[in-house]
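This report covers the nonpolar core, the sheet, the helices packed on it and the surroundings of the ligand.

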Amino acid sequence: MNRATLGRKLCRVATNAVVARPGAWSVFRRPIQRLFDALAPQWDTIRRPDHLAVYEQALDALPVPPKRALDIGTGTGDGALAIARRFPTAEVVGVDLAERMVAEARRKMDGEAGVEVRFERADASKLPYDSASFDLVAHANMIPFFDEIARVTAPGGHVLFAFSGGPGTPIYVPFERLRRELQRRGFTDFAEFAAAPGIALLARKETSS
Ligand SMILES: C[S@@+](CC[C@H](N)C(=O)[O-])C[C@H]1O[C@@H](n2cnc3c(N)ncnc32)[C@H](O)[C@@H]1O
């Protein structure tokens, strides 16, 4: 089995395990970080050029521009940059576990005149942000940590989950599961998007929760 196949398998096993039991992350944190640190220099060349098409489609559906947005598992930063370009008045933060991904994302900012994004190294299982501090919490091809997502999302704010390759994406969570976990934590108004092969889910946090 080659390295790419092994990497995809690791992502799939880690995603399924962590969604079923978030405590399993302690087993996967180190190998996932190593995998993405190794992939960082070539990440932009191994993805499809339109890999964020469905993520951007969901951004277009937001009823109001976010004031503070977080892109979790930002990789080389394209999701965070897409938010910042679309909503120039928003304060945008992109976080990733892999230091080399964060370094690549910061480097990309050099060519982005007039667009502000702060890239930080952080673990999505324990985010270094206050509760209710973002009104958009976005993920592209990223393992969800539902308790932290619910904690940092402000009442009335939105969460976005996009999977560039649909169910074939190595990091993929079925919408049924996403909806169940989010509903339990006070999210509502689910909307689905498709831009083949990508799919995305948007939801709003209830104001009363
Ligand atoms: C499949 S890549 C997706 C990158 C980017 N969002 C994209 O679509 O191009 C997953 C990213 O999530 C990061 N990641 C995985 N687990 C994480 C965690 N617990 N906290 C923060 N980042 C994490 C990885 O380092 C990697 O950069």
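## Nonpolar core

This is a predicted model. The largest nonpolar core holds 59 residues, and the members that touch the most others are Y55, A58, L70, V137, L160, A162 and A200. In soluble globular proteins, nonpolar side chains tend to be buried together.

Apart from neighbours within four places in sequence, the contacts of L70 are V93, V95, F134, V137, A138 and V152. One of these, V93 in β2, stands opposite L70.

## Sheet

Seven strands form an open sheet with mixed pairing, in the order β3-β2-β1-β4-β5-β7-β6. The edges are taken by β3 (118–121) and β6 (187–195); each has a single partner strand, so one side of each is left without a neighbour in the sheet. On average, neighbouring strands of this sheet are turned by 20° against each other, direction ignored.

Strand β1 (residues 68–72) runs parallel to β2 and is joined to it by five bridges. β2 and β3 also run parallel, with four bridges between them. The bridge partner of D96 in β3 is R121. Five of the six residues of β2 are buried, so this strand is largely enclosed by the rest of the structure.

## Helices on the sheet

Which residues of α4 are buried? They are V54, Y55, E56, A58 and L59. Of these, Y55 and A58 are also among the core members that touch the most others. The cover over the buried residues of α4 includes α5, β4, β5, β6 and β7.

## Ligand surroundings

There are 21 residues around the ligand, of which F36, G73, G75, L97 and A124 come nearest. The elements giving two or more residues to this shell are α2 (25–39), α5 (78–86) and β2 (91–96).

By residue class, the shell divides into 11 nonpolar, six polar and four charged residues.

Notes: Residues are numbered from 1 along each chain as its sequence is written. This is a predicted model: local features need pLDDT of at least 70, side-chain atom pairs count only at pLDDT 80 or more; totals for chains, interfaces and linings use all residues. A residue is near a molecule or strand if its C-beta atom, placed from the backbone, lies within 6 Å of it. Ala, Val, Leu, Ile, Met, Phe, Trp, Tyr, Cys and Pro count as nonpolar, Asp, Glu, Lys and Arg as charged, and the others, Gly among them, as polar. A nonpolar core is a set of buried Ala, Val, Leu, Ile, Met, Phe, Trp, Tyr and Cys residues joined through C-beta atoms within 7 Å. A residue is buried if 20 or more other C-beta atoms lie within 10 Å of its own, exposed if 12 or fewer, and partly exposed in between; C-beta atoms are placed from the backbone. Two residues are in contact if their C-beta atoms, placed from the backbone, lie within 7 Å. Two strands pair if DSSP finds at least two bridges between them. Axes are lines fitted to C-alpha atoms, for helices over the stretch in contact, and angles run from 0 to 180 degrees between N-to-C directions.
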